[in-house]
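Have a look around first, and then read on.

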Amino acid sequence: MFVSENLDVNEKGNLTINGKDTVALAEKYGTPLYVMDEDMIRTHCRTYIESIKKYYDGQGMACFASKAFSCKEIYRVMQQEGMGIDVVSGGEMYTAYKAGFDMSKAVFHGNNKTEEEINMAADLGVGRIVADNVFELETLDRIAAERNIKFAVLLRIKPGVDAHTHSFISTGQIDSKFGFALETGEALDAVKKVISCKNIDFRGLHCHIGSSILDTQGFEAAAEIMMKFIKQIKDELSFEVSELNLGGGFGIKYVESDDPLPYDEYMNAVAKIVNSFCKENNITRPFILIEPGRSVVGSAGITLYRAGGRKIIPNIRTYISVDGGMCDNPRYILYQSEYDAVVANKASEPKTEKVTIAGKCCETGDMIGENMPLQHCEPGDIIAVCATGAYNYSMSSNYNRLCKPAVVFVNSESDRIVVKRETYDDIIRNDI
């Protein structure tokens with residue numbers, strides 16, 4: 001009935017998330033409101049950690065991709081569950097550090113890390129840095145020398161796998177702002193460069209083929225390509241790569257037609273490639289890192305809105321306006337991302353109409369979705385948009401000087417604020 005298994009309907013006919021009445025949550029905390037199911041997040045973490053134990057004998061680490069959802073509380077949860085993290089900015093690093101996260105289990109990404117951020121990574125004890133280009137390698141080597149330390153570094157490699165078009169070919173991804181290309185010899189040159197750097201501890205390789213991937217073929221192709229490159233490095237440079245980071249990108253169910261595999265199946269499929277290649281080619285299996293983000297938090301979250309005006313344009317469409325929009329969910333205006341929605345106070349009723357859910361920003365394209373099946377909706381109803389736990393809060397903005405919503409965590413026992421709702425004073429805090 002719902003796209004996420006943590007959603008249900010109670011005796012009042014209201015939508016629930018992990019047993020909590022969403023209409024009551026909207027009344028208690030206001031709208032718009034992000035609601036995250038903490039129990040589901042923890043379950044997803046445990047699935048990935050168990051798969052590392054099962055398929056790689058525990059020789060690996062699952063790292064939560066912070067860009068999907070970053071706040072102090074999520075890092076506390078990751079710490080408690082034994083996860084690593086992937087960070088891409090000084091802001092994400094600082095948030096994790098202030099939450100008390102063990103920064104030795106952090107992996108620092110980015111295609112244009114500033115010297116300030118690199119020095120912060122050193123100060124905070126970040127465990128690994130993924131280098132994106134030759135200039136960055138030289139900068140890392142210089143800063144490490146100045147500080148009399150060594151950075152543990154992986155190189156980001158473009159494996160040539162286009163997961164979005166399913167063209168699993170070795171020449172498909174040269175044009176990307178991220179990483180070193182295999183096809184041109186750039187990647188092998190980068191390996192030679194990093195091995196020669198006196199202040200860098202070269203650990204291994206990283207790749208990432210895309211996001212919202214719903215099958216295993218792209219991941220399998222990338223793993224095979226990366227293992228072949230590891231063999232090439234051993235054969236030609238007599239260097240054995242000790243770590244392989246296979247990134248993330250596992251898809252979730254946004255709408256009924258999406259059919260993601262259980263995450264354990266992704267892990268099993270890739271592990272078969274890695275393990276068999278190592279055995280057949282007499283290569284020591286590298287320490288395996290993965291970076292799930294959306295698949296950890298996406299389906300665990302919903303966003304609650306209060307409906308405003310209902311505007312019917314005969315023979316064209318019906319608009320339902322809500323008290324949020326592109327400021328709290330920019331994914332439709334950016335990517336035309338699809339979502340499922342429910343009138344939370346009428347969740348037991350059938351969806352009898354198709355509507356366009358419009359946001360309140362002064363932009364024609366400010367919508368949550370078009371032609372969305374929905375129960376009959378009137379002003380004052382509560383609308384829940386499902387599977388918004390990833391890339392909604394983290395991409396939110398103050399466009400039109402709107403305040404960012406609060407974030408509430410629910411579990412089987414309680415509900416609590418983990419990010420306060422912004423106020424107008426928050427909006428003008430940095431104005432002079």
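Helices α8 (217-237) and α9 (263-281) and strand β13 each give at least two residues to the lining of the largest cavity. Helices (H or I, at least four residues) and strands (E, at least two) are DSSP runs numbered from the N terminus. This is a predicted model, where local features need pLDDT of at least 70, side-chain atom pairs count only at pLDDT 80 or more, and totals for chains, interfaces and linings use all residues. Residues are numbered from 1 along each chain as its sequence is written, and side-chain values use heavy atoms, with hydrogens and water left out.

**Cavities**
- The structure holds 2 cavities of 30 Å³ or more; a cavity is a set of points on a 1 Å grid over the protein atoms alone where a 1.4 Å probe fits but cannot get out, and lining residues have an atom within 4 Å of a point.
- The largest cavity has about 130 Å³ of space, a volume being the space filled by probe spheres set on the points, which are joined across faces, edges and corners.
- Of its 15 lining residues, Phe219, Leu246, Phe250, Val270 and Ile290 lie nearest the centre of the largest cavity.

Technical notes:
On a 1 Å grid over the protein atoms alone, a cavity is a set of points where a 1.4 Å probe fits but cannot get out, and a pocket is an open set with protein on both sides within 12 Å along at least five of seven lines; lining residues have an atom within 4 Å of a point.
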